[in-house]
Amino acid sequence: MPSRQQLAEQTDPATTVLLTVECQQGVVGPSSALPELAQEARSSGALHNVARLVSAAHEAGVQVLHAVAERRPDGRGANNNARLFRAAGRLPVQQHSGSTAVRIADPIEVADEDLVVRRLHGLSPIAGTDVDALLRNLGCRTLVITGVSANVAIPNAVFDAVNRGYTAVVPSDAIAGVPAAYTPAMIRNTLALVATVTATDDLLGCWLGGRATRRQDSRDATTPG
C-alpha cells in the first residue's frame with residue numbers, strides 16, 4: 001500500500017472523483033436480483049464503507065459519480081452475447097429503467113451535486129458511457145473505484161480507467177464479489193498490478209484528517225461491548 005503522503009497526493013480532492021459501481025437496490029439491496037452478492041456486499045462491510053467514502057467525499061469536496069446498470073423493459077440495446085447477460089434477463093428482479101431496482105441503495109446518500117450515469121449495455125461503467133467525458137471535464141486525474149462486483153464490473157472499471165490515463169485507486173474493503181475469497185485474490189493478483197490498493201480508513205484520513213478518526217473513536221465509545 002502507498003504511504004499516507006503518496007495517497008494524499010494521488011487523491012487530492014481537486015483532481016479526484018469517487019465512483020460507485022452498481023450500488024443500486026436491485027443489486028445490493030434487500031430485494032436484490034443477486035442475493036449472494038448483496039449479502040456479501042453487506043456482511044463484508046463493503047457497502048457500509050462505500051457509504052462512508054461517499055459521505056467523506058461530500059464533506060471534502062470530492063466529486064461523486066454513481067454508475068448504474070439498467071435495461072429497458074423491452075430489452076432494446078442490451079447485450080445478449082454472453083451467458084451473464086442471458087442469465088440476467090431471466091432473474092426475478094430486473095434492473096428496469098425508472099424502477100426501484102435502479103435507485104442507489106441505502107445507506108449511500110446521493111447529494112444534489114453527485115452525477116449519476118446510467119448504462120443500457122455492456123459490462124463496464126466507463127466504456128461506452130458518458131463517464132470518461134465527464135471525468136475529463138471535471139479535471140479528474142485519479143478515479144477511486146468502489147462497489148460491485150469484483151468479478152466483472154470493478155476490474156472492467158479499473159482497466160478502462162488506466163487505459164484512459166487515469167490513476168485508479170481501489171479501497172480493498174469497499175468492493176465485493178462472490179465467493180468472498182475471490183475478492184482478495186482478484187485484488188492481489190490482478191488489480192494491485194495496475195491500481196493503487198488502499199483501505200477506506202486511509203482514504204478517510206486523507207480527505208478528512210483527524211476528523212474521521214475522532215468520529216470513529218466516538219462511535220466506538222458509544223457502542224455497547
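Biologist: Which conventions apply here?

Modeller: This is a predicted model, in which local features need pLDDT of at least 70 and side-chain atom pairs count only at pLDDT 80 or more, while totals for chains, interfaces and linings use all residues. Residues are numbered from 1 along each chain as its sequence is written, and side-chain values use heavy atoms, with hydrogens and water left out.

Biologist: How is a cavity told from a pocket?

Modeller: On a 1 Å grid over the protein atoms alone, a cavity is a set of points where a 1.4 Å probe fits but cannot get out, and a pocket is an open set with protein on both sides within 12 Å along at least five of seven lines; lining residues have an atom within 4 Å of a point. Points are joined across faces, edges and corners, and a volume is the space filled by probe spheres set on them.

Biologist: How many cavities of 30 Å³ or more does the search find?

Modeller: The search of the whole structure finds 1, and the largest cavity holds about 30 Å³ of space. Its lining consists of Cys23, Ala41, Ala46, Leu47, Val50, Gly147, Val148, Ala174 and Ala176. Helices (H or I, at least four residues) and strands (E, at least two) are DSSP runs, numbered from the N terminus. Helix H4 (46-60) and strand S4 (142-148) each give at least two lining residues, and H4 has the largest share, with 3.

Biologist: What classes of residue line the largest cavity?

Modeller: There are 8 nonpolar, 1 polar and no charged residues. Ala, Val, Leu, Ile, Met, Phe, Trp, Tyr, Cys and Pro count as nonpolar, Asp, Glu, Lys and Arg as charged, and the others, Gly among them, as polar.

Biologist: What is the volume of the largest pocket?

Modeller: The largest pocket has about 750 Å³. It is lined by 30 residues, of which Glu22, Leu34, Ala69, Leu84 and Ala88 are the closest to its centre. Helices H2 (25-28), H3 (35-43) and H5 (83-88) each provide two or more lining residues, and H5 gives the most, with 4. The classes are 17 nonpolar, 8 polar and 5 charged.

Biologist: How many disulfides does the structure hold?

Modeller: A disulfide is a pair of cysteine sulfur atoms within 2.5 Å. The structure holds 0. For Cys206, the closest cysteine sulfur is that of Cys140, 16 Å away, which is too far for a bond.

Biologist: Is Cys140 buried or exposed?

Modeller: Buried means under 20% relative accessible area, exposed over 50%, and partly exposed in between (1.4 Å probe, protein chains only). Cys140 has 9% relative accessibility, so it counts as buried. Cys206 is also among the buried residues of H9. In helix H9 (residues 200-208), 7 of the 9 residues are buried. Just after H9, Gly209 takes a positive phi of about 65°.
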